[in-house]
Amino acid sequence: MASLAWLLIPLLAAVGAGLWGSWAARNRKSGRTGDVSELNGYAAFREAMEKSHSVTVEKAMEKSHSGT
């Protein structure tokens, strides 16, 4: 009987792991904004960085031209 009790431990662990795995892999669509808003945010970030880079390049060009 004691050996059967020891077999319950891995069985309960497997059931618990299965329950946790199904909970962790659940579809969490409610409350998420989705990929579209994330991609829009990334596009806005890229535009801001490109503007910042172009302003920096323009200032560097002005300094190099005014120095000579």
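**Charges, surface and helices**

Mentor: Arg-46 and Glu-50 both sit in helix α2 (residues 35–67), four residues apart, about one turn of the helix; helices here are DSSP runs of H or I with at least four residues, strands are E runs of at least two, and both are numbered from the N terminus. This is a predicted model, where local features need pLDDT of at least 70, side-chain atom pairs count only at pLDDT 80 or more, and totals for chains, interfaces and linings use all residues. Residues are numbered from 1 along each chain as its sequence is written, and side-chain values use heavy atoms, with hydrogens and water left out.

Trainee: How far apart are the closest N and O atoms of Arg-46 and Glu-50?
Mentor: They are 3.9 Å apart and form a salt bridge, meaning a side-chain nitrogen of Lys or Arg within 4 Å of a carboxyl oxygen of Asp or Glu.

Trainee: How many salt bridges does the structure hold?
Mentor: The structure holds one.

Trainee: Why does Arg-46 count as partly exposed?
Mentor: Because its relative accessibility is 43%; buried means under 20% relative accessible area, exposed over 50%, and partly exposed in between, with a 1.4 Å probe and protein chains only. Glu-50 is also partly exposed, at 48%.

Trainee: Switching topic, what share of the protein's residues is buried?
Mentor: Buried residues make up 0% of the 68.

Trainee: And how many helices and strands are there?
Mentor: The protein has two helices and zero strands.
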